[in-house]
Amino acid sequence: MTRDEIKFEIIKIFREQFEIENPGLDENLREIHEFDSIDAIDLLREIEILLDSDLTRAEKKKAMDIRTINQILDYVEMLAATRSKGW
């Protein structure tokens, strides 16, 4: 899965699940869109579905400092690289 494909899916998740239209890639999601810890848990579940793989506790902990779409994209790329599906 390319970064552009990941970006498309993440933006789609934000639009459909969190009703956030066209978030800027470097906007602080918590400050600008009031994206809270419950939303983050929901997003992690959506990422598990996207990757077709459960995240480990350590992988979930790495997500705690994520604030922007670009950071989410980096995170998903890192996760995808560790999976054996050939993403």
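This is a predicted model: local features need pLDDT of at least 70, side-chain atom pairs count only at pLDDT 80 or more; totals for chains, interfaces and linings use all residues.
Residues are numbered from 1 along each chain as its sequence is written, and side-chain values use heavy atoms, with hydrogens and water left out.

**Terms**

- Helices (H or I, at least four residues) and strands (E, at least two) are DSSP runs, numbered from the N terminus.
- Buried means under 20% relative accessible area, exposed means over 50%, and partly exposed lies in between (1.4 Å probe, protein chains only).
- A salt bridge is a side-chain nitrogen of Lys or Arg within 4 Å of a carboxyl oxygen of Asp or Glu.

**Asp39 and Glu34**

- Asp39 is found in helix 3, which covers residues 37-51.
- Beyond its neighbours within four places in sequence, Asp39 is in contact (heavy atoms within 4.5 Å) with Phe18 and Glu34.
- Glu34 lies in the loop between helix 2 and helix 3.
- Glu34 counts as exposed because its relative accessible area is 66%.
- Leaving aside neighbours within four places in sequence, the contacts of Glu34 are Leu29 and Asp39.
- Glu34 and Gly24 are 10 residues apart along the chain, and their C-alpha atoms are separated by 14 Å.

**Salt bridges**

- The whole structure has 5 salt bridges.
- One of them joins Asp74 to Arg3, with the closest N and O atoms 2.8 Å apart.
- This pair links distant parts of the chain, Asp74 in helix 5 and Arg3 in helix 1 (residues 3-18), 71 residues apart.
- Asp74 is partly exposed, at 43% relative accessibility, and Arg3 is also partly exposed, with a relative accessible area of 27%.
- The side chains of Glu77 and Arg3 meet in a salt bridge too, at 2.6 Å from N to O.
- Here helix 5 supplies Glu77 and helix 1 supplies Arg3, 74 residues apart.
- Glu77 counts as partly exposed because its relative accessibility is 29%.
- Glu48 and Lys60 form a salt bridge at 3.9 Å from N to O.
- Glu48 is in helix 3 and Lys60 in helix 4 (residues 57-62), 12 residues apart.
- Glu48 is buried at 9% relative accessibility, whereas Lys60 is partly exposed at 34%.
- Shared partners join Arg3, Asp74 and Glu77 into one salt-bridge network.

**Asn70**

- Asn70 lies in helix 5.
- Asn70 counts as buried because its relative accessible area is 18%.
- Not counting residues up to four places away in sequence, Asn70 touches Arg3, Leu25 and Asp26.
- The C-alpha atoms of Asn70 and Arg3 are separated by 10.0 Å, and the two residues are 67 apart along the chain.

**Pocket and cavity**

- On a 1 Å grid over the protein atoms alone, a cavity is a set of points where a 1.4 Å probe fits but cannot get out, and a pocket is an open set with protein on both sides within 12 Å along at least five of seven lines; lining residues have an atom within 4 Å of a point.
- Grid points are joined across faces, edges and corners, and a volume is the space filled by probe spheres set on the points.
- The largest pocket has a volume of about 180 Å³.
- Its lining includes Arg30, Glu48 and Lys60.
- Helix 3 gives the largest share of that lining, 6 residues.
- By class, the pocket lining has 5 nonpolar (Ala, Val, Leu, Ile, Met, Phe, Trp, Tyr, Cys and Pro), 1 polar (the others, Gly among them) and 4 charged residues (Asp, Glu, Lys and Arg).
- The search of the whole structure finds 1 cavity of 30 Å³ or more.
- The largest cavity holds about 150 Å³ of space.
- Of the 13 residues that line the largest cavity, Phe35, Ala40, Leu43, Ala63 and Ile66 are the closest to its centre.
- Helix 3 gives the most to the lining of the largest cavity, with 4 residues.
- The lining of the largest cavity has 11 nonpolar, no polar and 2 charged residues.
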